[in-house]
Each structure stands twice: as structure tokens, then as C-alpha cells.
Amino acid sequence: MPAPALTDTAAALCVVLIFLVPCAGAGLALINAGLGRSRSAAHLMMSSLCVVAIAATVYFVCGFAWQGFVGGPSHSVSFSGKSWDWIAAGPLFLRHQVFEGSPASLAALLGMFSVGLAAMIPLGSGADRWRLGACCASTAVLAGWTYPLFAHWVWGGGWLAQLGTNYGLGQGFVDTGGASTIQAVGGLTALSIAWILGARRGKYTHDGMPSAIPGHNGVFVLFGCLLAWVGWLGLNSAGAILFNGAPPGRVVLVAINTTLTAAVAGLTAAAITHTRYGKPDASLTANGWIGGLAASSAGCAFVNPAAAAAIGLAAGVLVTFSVGWFEVQMSVDDPGGSISAHAMGGLWGVLSVGLFAEISASGHPGQWLAQLVGIATLIGFVLPLTYGLNWLLDRVYSQRVAAEGERQGMDLYELGAGAYPEFVTHSEEFTER
Amino acid sequence: MKILGFLLLLAGWAIVITAVALLVVEAPRAAFVLAGIGVEILGLVLVIRAHPAQRGERE
């Protein structure tokens, strides 16, 4: 596949948009901290910082070398007469990369921010019980292997991107802003972490019924949503220019679609919870908002605003009900709602490209099939891969904190100081019910 | 059961990849892709059932 060319204007705009992406990470950190317990709040923020640092470092060492960019060196295998490009073969440590605003250098910059964002997603599902060292080690695995591999397939000219040219499946797998590469990969890793860690103590009674453990700071959560919105505007717009070759003017449509999808999803979640519980639920509304942002990422450059609103409506319903489904039916303790918002929202966003996208006037039959192949790859390959790697890590270095750490709170046990030292803010919930 | 579930996930993905690579006509290709996703869903169900809540209550 030939490398895309960017005009100077497009490259400059892309840099500015990429600089907004850390806002998404800051938003997620606030949401995760707010939805966790007060006695683990500082630990979660510390984990967020460490995770971003580890992700950026590992991505520098080997991540971008294996993710690559369209037109760069790669390894391929031949299958049924076609070349299947499965991993990039760039030099480690970003050597030989010229940082002058070329598409490849911009992809490296966006990738460094994106991998940090993806690595922060599992912190929500592992809140209140995931050791700091373990989440750093897990992040190294994610940033060094899982993320670059899948990102190469989608953004680096890999076999998923080539489904169109090789097999006539539309334009090949399309994901503008990372609904699959960032959100679904992060969300499926969050599911693996929640399974491996198990539920928080006191979350489930002996007969398997979940107890409510409300988040400790709704202001963090809702402000995090607003901050994440800014980050997503940058992420989706930069992705559209860099990976889809969209002209700079298309950023307007991307921003409108991103906002509409998140807005409708958030409103839908608020309406559903108001109908079910009599009052809108702030945490589920936040999850709906983030789920809408995740869903918007895949097709924001290719759908019209009405379709973006429809995608948001479906995302709001999906995320709201899946939070309860994971908690009650599947017994998965996910304090931050990361699995529902990022994995379910991201997967729905990927599918929505096949249903709503207007990729070209001539139409591309088979686009929906290309998107389905991407979803099948996420569930059938990425989930076992990330679960297996984290399971192996757990055998070597236990990921869950000791019972005493959970009782004391992660702040005191792992950091030696709490986030709110002046207040006693929690009751003892480990007594028999 | 958990290992079987993960094997089914991989098997479903293999069916999808093979269908894309070997089948040319759209209808059977789509049918096999959907069948592969069906196998993946079966695998997911098995993995989910292998992770009951009480396992999380480990020391």
C-alpha cells in the first residue's frame, strides 16, 4: 500500500489535534478515580500516571517498530495467493525516523498518546484491587505487543486494512479514531483483568448477588467526561487526516459527529436510568457518554450527522444495559464501567461503519463484512491473546493486592498516604451480610 | 471449560479468516464469517461460565 501524503496545512493541523489527545487520558483518569473508592483514589491517579509513562517508554522501545505505518517495512505471509501483512519490521527505539511532520512521524506521535489511552482503560475495571507494579507490567505487555500488533493490522497497512484491495471487501477494515485499536483493545484487556483479578471483597454476597459500591466523587466523573470530549475531538480528527487521508475541512464533520454521538448516547443513558430508577444516574450517564465517544471513533469521518445521532442512541442503550448485564449476569466487577463503555462501545462503533458509512459515491459492497472480520479478530484473537498474556503475568507476579491491602485501601497499603488524609470517608463493608 | 472456551474463540476466528481467504462468492463467504462469529460467541459463553463471582474472593 502506498504511504499517504499530507499537505503542510494538514500536517500542522494534525499536530495541533494530536496535542489534544492527552485530554482524553486525563478525563479517563478522573472518571476511573471518581468511580472507585475514596481510599484508592490517589493510587488510581498514580497508576494512571505510571501507566502512561510505561506505555510511552515501551512504545518508544519496540511498539512503533512493530506497529509501523503504511508503506513501511513489514513481514508478510502468503495465504491463498495473497500477501497477508501481519507485523511491521521497523527499527527499535524509533531509529531512522525523521521527525519533520511526515505521516509516519505523526503516526508515531499519535501512537504514543493512543497507547497510553488504551492502557488506562483497564485501570477502571481493576480499580481498588490491582497492584501498581502489576498494572505497570500489564501495560508493558499491552504497549509492547497487543496494541502494536492490532494497530499495524488496522493503521499500519496490515491485513485488515488490505481486505478491500485483496478480497474486495469494501475499503478494507475502517477505523478512523481507534474504536477498535484503542477502545476495543483496551476494553477487552479490561475484561481480562477483571476476570483475572476477580471481584472486590464485599461486592458479591455468598449467593452471587452484587452489592452496590458507589463511586466516591461524581464531580470527578462528570468533569472527566467533559475533558475526554476535548481529547476525543483531537483523536478522531487527527485519525481522519492521518489514516483516512481526509482533507483538513473534514475536521468540521468529524467534530460534529463526535459530539453528536456522545451527546445522544449520554442523554439516552440519562433517560433510561431516569425511567428505571426515577432519577438520572450520574455514573451510568458518564458511561453512556464515554461509550458514545468510543462508538463515534470508527466512522466519524464517513457518516452524516443523523447517522451519528443514531449510532449514539444505540451506544447509549447498549452501554447502559451492558453495565448491569456484566455486573449481575456475568458477575464481572468493573467499577469504572470500562468494559461496557470502551469494549462494547468500540465494537458497536466498528460495526456501525458497515451499517451507516458513506465511504464513496460508488458504494462498497462488503464493507460490513470487513467490519465483521475486524470484530471477529478482536473477540477471537485479541481477547484470548490479552487474557493469556495477563494470565501468564499473574502466574509470575500476582496482580491482585493482598486482602489486607484491600481492607486498608490501596492508597495507604501501596503508597503510604491517602488522597484525603483529613477525612474518614468510608465504613467497614467487609463484615458478614 | 475455560480453556475450551478460549480454543473455541480461536477456532471461530480461524473459520472467519479461512472463509475470507478461500471463498470468493459473497453469500457463502458471509455465511461462513457469521458461522465463525457464532462459534466465537459459543466460546465466550463458556469462558463467562468459567468465571463465577466467588473466584474473585480469593485470599
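# Close-up views of a predicted two-chain model

**View 1. Helix α1 against helix α4 in chain A.** Helix α1 (residues 8-18) of chain A packs with α4(A) at an angle of about 10°, their axes being 10 Å apart. Axes here are lines fitted to C-alpha atoms, for helices over the stretch in contact, and angles run from 0 to 180 degrees between N-to-C directions. Helices (H or I, at least four residues) and strands (E, at least two) are DSSP runs, numbered from the N terminus. The angle makes α1(A) roughly parallel to α4(A); angles under 35 degrees count as roughly parallel, over 145 as roughly antiparallel, 65 to 115 as roughly perpendicular and the rest as oblique. On α1(A), the contact is made by A:A11, A:C14, A:V15 and A:I18, and on α4(A) by A:L106, A:L109, A:L110 and A:F113. Two residues are in contact if their C-beta atoms, placed from the backbone, lie within 7 Å. By class, this contact has eight nonpolar, no polar and no charged residues. Ala, Val, Leu, Ile, Met, Phe, Trp, Tyr, Cys and Pro count as nonpolar, Asp, Glu, Lys and Arg as charged, and the others, Gly among them, as polar.

The model is predicted: local features need pLDDT of at least 70, side-chain atom pairs count only at pLDDT 80 or more, and totals for chains, interfaces and linings use all residues. Residues are numbered from 1 along each chain as its sequence is written, while chains are lettered from A and ligands numbered from 1 in the order in which they are written.

**View 2. Helix α4 against helix α12 in chain A.** The axes of α4 (residues 103-125) and α12 (residues 338-356), both of chain A, come within 8 Å and cross at roughly 140°. From α4(A) the contact takes A:I121, A:P122, A:G124 and A:S125, and from α12(A) it takes A:S338, A:I339 and A:H342.

View 3. A:G72 sits in the loop between α3 (41-67) and β1 (74-79) of chain A. A:G72 counts as buried because it has 20 C-beta neighbours inside 10 Å. A residue is buried if 20 or more other C-beta atoms lie within 10 Å of its own, exposed if 12 or fewer, and partly exposed in between, with C-beta atoms placed from the backbone. Not counting residues up to four places away in sequence, A:G72 touches A:A88, A:G90 and A:A104. A:A104 is 32 residues from A:G72 in sequence, and the two are 8.5 Å apart in space, C-alpha to C-alpha.

View 4. A:S80 belongs to the loop between β1 and β2 (82-88) of chain A. Its phi is positive, about 50°, although A:S80 is not a glycine. A:S80 is partly exposed, with 13 other C-beta atoms within 10 Å. A:D128 is in the loop between α4 and α5 (132-155) of chain A. Phi of A:D128 is near 75°, again a positive value in a residue other than glycine. With 25 C-beta neighbours inside 10 Å, A:D128 counts as buried.

**View 5. The largest nonpolar core, around A:V373.** This core has 159 residues, and those with the most contacts inside it are A:A143, A:V373 and B:V16. A nonpolar core is a set of buried Ala, Val, Leu, Ile, Met, Phe, Trp, Tyr and Cys residues joined through C-beta atoms within 7 Å. Helix α8 (residues 218-244) of chain A gives the most to the core, with 14 residues. Leaving aside neighbours within four places in sequence, A:V373 is in contact with A:L160, A:L163 and A:F173 of chain A and with B:V16, B:V20 and B:V33 of chain B.

**View 6. Where chain B meets chain A.** In this interface, 26 residues of chain B are in contact with 27 residues of chain A. On the side of chain B that touches chain A, the elements giving two or more residues are α1 (2-22) and α2 (26-49) of chain B. The largest share of that side, nine residues, comes from α1(B). The residues of that side divide into 15 nonpolar, five polar and six charged. Chain B has two helices and zero strands, and 39% of its 59 residues count as buried.
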